[in-house]
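Here is a short tour for anyone meeting this structure for the first time. Have a look around before reading on.

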Amino acid sequence: MESLLEQYAGIVGHEVIDHLRQLAGPLKGMKILHVNSTKEGGGVAEILNRLIPLKRELGIDAEWEIVTGDKDFYQCTKKMHNSLQGNRDDISPSLLETYEKTNVHNYERLRDKLLGADVVFIHDPQPAAMISHCSDRRNRWLWRCHIDVSRPYRPVWKYLREYIRQYDASIWSLSDFAQPLDQPMYLIPPSIDPLSEKNMALPEKEIKEYLRSFGVSRDIPVLTQVSRFDRFKDPIGVIESYRLVKKYVPVQLVLAGGGASDDPEGEQVLNEVKDFAGDDPMIHVLELPPDAHRAINALQRGSDIILQKSLKEGFGLTVTEALWKGKPVIGGDTGGIRLQVIDHFSGFRVTTPEGASMRIRYLLKHPEIRKTIGKNARQFVLENYLITRQLREYLTLVVGMVFGSEEKIELRMHER
Amino acid sequence: MDIQGFRILDCALVAIATGVKAQTLRELRDKLKTAHPGCFFYHFWGGLLNPHFDDPEFQNDFAVWASRSLNDSGISEKFAVIDPYAFENIEDVRQELIEVIEERLSQTEFVPWAKTGHEFHFIRSQIVVFDTGVTFLEPTEMLHAIPRMSLGSIFYHFIDARRRTEERKNDLSLWLAAFGDTYKKLIEDLDNIDPFFISLTRMRREITLAFNKHLKVDA
């Protein structure tokens, strides 16, 4: 059976895989531990699901653990998430106490692994406080932030910053997100996995079958937004855009949301969306389980235009997924969408439902432009946003941390 | 004459935020005065090894920002033509950027500014260089290897070499020169590859074409 790396070579080229093997040479046998809060749902879990086996194949002893907590813990971390993205959402002392206690509990449970690893990657705020309990550590800890922290609600950021400043370094998706800290702040955008069920090529028959099962017709243009039911993703604004378009062109809207186990607000937002959609048969609000990867893949491939009209966005991996499938994307002018959606090249960035509706109508009117944009989009992702690029940057970072902090590190053969 | 073989080195880059940003042209000038020296390499060349949109108009980040965020095409064009390798060292590049801004500020009645969220972020980079273990003794041996060279190798031997070598040239041309006049035409073609406005993939293709033109037996 073909190894994972060989399978990627078929997509990105053998030279890219050889490059990864050589870069990983000095890290062979090293123990690297990743910790986040969920194994399913959300971009972080999806990437870790593939990064860990890839690192192992390169000879690195990589492991992945999750922290667990009760409803109050997730309510607290959801509030942290929202506040870091700019919501003025104060967190009560009792919820913060739950956060701290849950981190102590998880630290005790994972202590041996945390102290035994050479490098520890802690993802997002949920497990961030564990670091304060291991003052005797001799390994390196990095905090990986997947959230748009460009304008955080200061009281919450100030609270969290006391933990983050204890890390040896932090990693941010974009320079706009990086908050001033007295530590190296690496910039590594996330990526998608072209071999995963969510991104692999699908037979046309399967795409048709999925659309049929969701009641989506292929005879009328399909607009789709795939994202959690979260106010920052602006699902209400998407419905407003759709309503403006359908005054001129017959069109269908799919709002497909996968839940994540660490998001307690999702159900409330979903109900708001359903109420707003009313009984319009052309709006399909789909609640998909976290493992509905093939269904999401089919929906994206079966759509004419993909929307990601976020008001705030970390990076926007659903945008990357859509571009990879050769679809033009109309996205909010925020966060990582700015890196990916370039006007007239891979789609359009918009700030209002009105703006989105104009761009939708323009693209529906010009199928040849949709085709050109789709071709650009796929090539753009191939060169910049596949998992092999993210892995390369993680490896470079770890080599940098182990072998020195100079601007240029030259490894001699015996070090490899 | 005993000519040493050509060792293929490779490199990988990771970007590091400095936390320094500028929202107006005046702020950019002030921050340039104290910016980390590594920022200049990153903003002129680092993008080639970093995920980004290949801007068809401008090669360096200063020009892109001036055009897209300040909407000042005049200064954008002045930034765009700055070739960092035409200067003795990074400090001279820093000074040139500052002078271009000073000149612009003296001509305008208001200071160009960017919207919040569109500031210029100073970024530096860390590069890891490693030996691939591959050495070529004869230029003809490289014909089939160049199309398979990693983009990191292309960057190291064609971009990084220009700041590393005394002659400010790419490594391959310097190595080929050791063979006397044998590869004179090939060296000329390699030296004529303009590293501005093209991606590393395109640069690899142009190097391959030059080798095929001069060294392929049936050429």
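This is a predicted model: local features need pLDDT of at least 70, side-chain atom pairs count only at pLDDT 80 or more; totals for chains, interfaces and linings use all residues.

## Before we start

Who are its neighbours? Setting aside residues up to four places away in sequence, B:G152 touches B:D10, B:C11, B:A12 and B:L49, plus A:H19 from chain A. Another residue to look up is B:L200: it is 48 residues from B:G152 in sequence, while the C-alpha to C-alpha separation is 8.6 Å.

## The nonpolar core

B:F155 also turns up in the largest nonpolar core, a set of 175 residues. Along with A:V120, A:W172, A:Y186, A:L187 and A:L395, B:F155 is among the residues that touch the most other members. Which element gives the most to this core? That would be β1(B), with 10 residues.

## One sheet, two chains

Now for the strands. An open sheet of 9 strands, with mixed pairing, runs in the order β2(A)-β1(A)-β3(A)-β4(A)-β5(A)-β6(A)-β1(B)-β2(B)-β13(A). At the edges stand β2 (61-66) and β13 of chain A; each has a single partner strand, so one side of each is left without a neighbour in the sheet. From one strand to the next, the twist averages 25 degrees.

Strand β13 (residues 408-410) of chain A runs parallel to β2(B), joined by 3 bridges, and A:I409 has B:V128 as its bridge partner. Within chain A, β5 (residues 169-172) and β6 (residues 185-187) are parallel too, again over 3 bridges; here A:S170 is partnered by A:M185.

## Where the chains meet

How many residues of each chain are in contact with the other? The count is 27 in chain B and 36 in chain A. On the chain B side, the elements giving two or more residues are β1 (6-22) and β2 (120-136), and β2(B) supplies the largest share, 10 residues. By class, that side has 14 nonpolar, 10 polar and 3 charged residues.

## Two domains in chain B

Chain B itself is divided into domain 1 (12-124) and domain 2 (133-215), with 28 Å between their centres, taken over C-alpha atoms. Where they touch, 7 residues of domain 1 are in contact with 10 residues of domain 2. The domain 1 side is made up of 5 nonpolar residues, 1 polar and 1 charged.

## A last stop in chain A

Is helix α10 (residues 293-301) of chain A mostly enclosed or open? Of its 9 residues, 7 are buried, so the helix is largely enclosed by the rest of the structure. The buried ones are A:A295, A:I296, A:N297, A:A298, A:L299, A:Q300 and A:R301.

Terms used:
Residues are numbered from 1 along each chain as its sequence is written. Chains are lettered from A and ligands numbered from 1 in the order in which they are written. Domain bounds come from an automatic or database domain assignment. Two residues are in contact if their C-beta atoms, placed from the backbone, lie within 7 Å. Ala, Val, Leu, Ile, Met, Phe, Trp, Tyr, Cys and Pro count as nonpolar, Asp, Glu, Lys and Arg as charged, and the others, Gly among them, as polar. Helices (H or I, at least four residues) and strands (E, at least two) are DSSP runs, numbered from the N terminus. Two strands pair if DSSP finds at least two bridges between them. Axes are lines fitted to C-alpha atoms, for helices over the stretch in contact, and angles run from 0 to 180 degrees between N-to-C directions. A nonpolar core is a set of buried Ala, Val, Leu, Ile, Met, Phe, Trp, Tyr and Cys residues joined through C-beta atoms within 7 Å. A residue is buried if 20 or more other C-beta atoms lie within 10 Å of its own, exposed if 12 or fewer, and partly exposed in between; C-beta atoms are placed from the backbone.
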